[in-house]
Number of protein chains: 2
Amino acid sequence: MDIVNFKSEMPAEETVRIPAGKLIDFTYQTFKRVGAPEADAKLIAESFIDSDLRGVYSHGIMRLPIYIHHCRKSGPGGINPRAAVRIVKEGLSFAHVDGDNGMGHLVSIRAMEIAMAKAEKTGMAFVSVYNSNHNGAEGYFAKLAADRGMIGFFVTVGGRNIIAPTGGLTPLLGNNPFAYAIPAKRHYPVVLDMACSVVARGWILLAIKNGLKVPDGWAVDRDGNPTNDAREAYDGLVLPFGGYKGYALTLIGCILGGVLSGAAIGKEVTDLYGDFDRDQNVGHFMWALDLKSILPPDDFMERMDSLIDELKASRLAEGIERIYVPGEKEFLVKEENERLGIPVTLGVLKELNSMGDMKISV
Amino acid sequence: MDIVNFKSEMPAEETVRIPAGKLIDFTYQTFKRVGAPEADAKLIAESFIDSDLRGVYSHGIMRLPIYIHHCRKSGPGGINPRAAVRIVKEGLSFAHVDGDNGMGHLVSIRAMEIAMAKAEKTGMAFVSVYNSNHNGAEGYFAKLAADRGMIGFFVTVGGRNIIAPTGGLTPLLGNNPFAYAIPAKRHYPVVLDMACSVVARGWILLAIKNGLKVPDGWAVDRDGNPTNDAREAYDGLVLPFGGYKGYALTLIGCILGGVLSGAAIGKEVTDLYGDFDRDQNVGHFMWALDLKSILPPDDFMERMDSLIDELKASRLAEGIERIYVPGEKEFLVKEENERLGIPVTLGVLKELNSMGDMKISV
């Protein structure tokens, strides 16, 4: 059994390349069919496929079936495809937002729009969200701010507890991924998008789906024993990155995203793939900071370019060809995938084509 | 040669316990003698010794001599003990602050006070600072917000480049420590205070001062070879925690603290212990978030307590006696050090007593 390839690389023999537009349209149509308004379905589809474009396959179209499964369900455990995201309380630099149990992607975009509009007036604003759902990759929402000359921060209470507090064996914390996005001028924006686990759990799911093992150091089983078995890893504990530092960071994510907003925390947190009878009540927290409050955005972005130039001019370690900044590899993969199409494994393709009467032709 | 003990533990045979009040007074008097106004000297002394109280000896009174050395110097490379911290630009939820080349501790406290005053009115505010200096441990400044029913975030461009971008060998980034502080009710506040290096470089300095080696995995020498020699580690590269994730986080610290504020970044960054001819121009970035904007602070703090209770009830791994939350160990050490006095190594004590005519009696 092979070990799953990490990030941006999928075993070539098992994939076909499909144009991004085709996948966006498939996703858009799929959400429309479960009742999402056109504008919402469009936003959801674009953010979904952006993950695939950037090589973060674990958070892209691979997950469509499970989301749609929730959207088709009515009552507790379902996702509301016609959600009316609304502000329940607001002030000059904050808003408390009820996601109306909508698709996490949609709720996150709407909430970040609120944060940016407020930040534009005051310099900085945060939005605290409850009653949302799993939202894919966080970098997309932080990057909305970078695209508008702002710095964006976004964190989510991850969709299942997989991390134990340091010294413990009970999974009480998610990997609570967070993202910063910062614009540059000549260079790509810097987009840090990381889970507090050693890897995003989506990669373990991908390993299961493709019958692969997971590398050393990713996970332990239920009793704390190291494992390479993807299923044991999935049922056990993913290790936090950097030991207790990763535990501390994921706890901060839980507090910002969940304690503040009133969303699910600790044992209330549900599993996107395992809970179909209670709402997810996922929490998000984000802030946007308007650069022009401090200095002209152009000056800021030139300072960013100089810094990135300086990093790239670093003396290189043996065997290294170039220095990357966070998010850069994903932008490079995106250019490739826009040109060649998005690689989709045959297993995922089969699953997509068995969702309903729509088919993706290859 | 022994290996340096990590965090909160110092080799017992080499230390004497000195009451915190005595060290605060010594620090206060020392700053007054170099010209600091009484109120400023008091704030500086309290934040200095708070590090020692919490067991973060690497950032406490051990560093007094080097700061005073800078304060006694006039012209470039000196620190201004009579700094007038001032706002150069402000809006509803932001301020751009000139530290007037003052003690980093003082500038950080003043800046956080500005952030909190603004956050109280709008919900959230940030302050961007340039022309400051090395400020000790960041948790203290974030905690000012927690003490006022707010969430505080603080990051500093660290006082010397020690980390190379992943794949590189040129130290272009500091360990850019950052802190979050969040209030609870029955429990201690959660205070995450971490460097992006595997350990704060102060611990390597402490190892040098006490003739100890550093553990595996802390550092590499100038050419990227692993080393246990404290001096080689000090002259080489400290490793970022969690590999490329630590590199990404320290880069974010550099951007928030330095690119935004106009403070020193990349090769402009100076070394507190090595540069005496140019100003440090250290940058800080912080935000404060007023909890009551979203929900009654009491409700928030009760939610915090429940979450902490839940973490502490985790099934324990073999050999573990209890679960800690970030900052808790430091609060426990603080209680002990308040009762028994702060352990100071004989080497540090000798250095303090040779600074001038004031002596610390034991």
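Axes here are lines fitted to C-alpha atoms, for helices over the stretch in contact, and angles run from 0 to 180 degrees between N-to-C directions. By that rule, helix α2 (residues 38-53) of chain A and helix α4 (residues 104-122) of chain A have axes that come within 9 Å and cross at roughly 100°. The model is predicted. In each chain, seven strands form an open sheet with mixed pairing.

**Helices α2 and α4 of chain A**

- Two packed helices are described by the angle between their axes and the distance between the axes.
- Angles of 65 to 115 degrees count as roughly perpendicular. α2(A) and α4(A) are therefore roughly perpendicular to each other.
- From α2(A), the contact takes Asp40(A), Leu43(A), Ile44(A), Ser47(A) and Phe48(A). These meet His105(A), Leu106(A) and Ile109(A) in α4(A).
- By class, this contact of α2(A) with α4(A) has five nonpolar, two polar and one charged residues.

**The sheet in chain A**

- The strand order in chain A is β2-β3-β4-β10-β5-β6-β7.
- β2 (86-91) and β7 of chain A are the edge strands, and each pairs on one side only.
- From one strand to the next, the twist averages 10°.
- Helix α8 (residues 244-259) of chain A packs on this sheet. α8(A) touches β5 (150-156), β6 and β10 (282-290) of chain A. The direction of α8(A) makes about 95° with that of β10(A).

- Strand β6 (residues 178-182) of chain A pairs with β7(A) over five bridges, in the antiparallel sense.
- Within that pair, Ala179(A) stands opposite Asp193(A).
- A residue is buried if 20 or more other C-beta atoms lie within 10 Å of its own.
- Both faces of β7(A) are covered. Val190(A), Leu192(A) and Met194(A) are buried on one side. Val191(A) and Asp193(A) are buried on the other.

**The sheet in chain B**

- The order of the strands in chain B is β2-β3-β4-β10-β5-β6-β7.
- β2 (86-91) and β7 (190-194) of chain B stand at the edges. Each has a single partner strand, so one side of each is left without a neighbour in the sheet.
- Neighbouring strands are turned by 10° against each other on average, direction ignored.
- Helix α8 (residues 244-259) of chain B packs on the sheet. α8(B) touches β5 (150-156), β6 and β10 (282-290) of chain B, and its direction makes about 95° with that of β10(B).

- β6 (residues 178-182) of chain B runs antiparallel to β7(B), and five bridges join them.
- Ala181(B) has Val191(B) as its bridge partner. Ile182(B) stands opposite Val190(B).
- Five of the five residues of β7(B) are buried, so β7(B) is largely enclosed by the rest of the structure.
- Val190(B), Leu192(B) and Met194(B) cover one face, and Val191(B) and Asp193(B) the other.

**How the two chains meet**

- The same surface serves both copies: 100% of the contact residues of chain B recur in chain A.
- The contact takes 56 residues from chain B and 56 residues from chain A.
- On the side of chain B that touches chain A, β2, β3 (94-98), β4 (124-132), β6, β7, α8, β10 and α9 (297-312) of chain B each supply at least two residues.
- Which element gives the largest share of that side? α8(B) does, with seven residues.
- The residues of that side divide into 35 nonpolar, 15 polar and six charged.

**Lys213 of chain A**

- Lys213(A) lies in the loop between α6 (201-209) and β8 (219-220) of chain A.
- With 16 C-beta neighbours inside 10 Å, Lys213(A) counts as partly exposed.
- Thr227(A) is 14 residues from Lys213(A) along the chain, and their C-alpha atoms are separated by 9.3 Å.

Notes
Residues are numbered from 1 along each chain as its sequence is written. Chains are lettered from A and ligands numbered from 1 in the order in which they are written. This is a predicted model: local features need pLDDT of at least 70, side-chain atom pairs count only at pLDDT 80 or more; totals for chains, interfaces and linings use all residues. Two residues are in contact if their C-beta atoms, placed from the backbone, lie within 7 Å. Two strands pair if DSSP finds at least two bridges between them. Helices (H or I, at least four residues) and strands (E, at least two) are DSSP runs, numbered from the N terminus. Ala, Val, Leu, Ile, Met, Phe, Trp, Tyr, Cys and Pro count as nonpolar, Asp, Glu, Lys and Arg as charged, and the others, Gly among them, as polar. Angles under 35 degrees count as roughly parallel, over 145 as roughly antiparallel, 65 to 115 as roughly perpendicular and the rest as oblique. A residue is buried if 20 or more other C-beta atoms lie within 10 Å of its own, exposed if 12 or fewer, and partly exposed in between; C-beta atoms are placed from the backbone.
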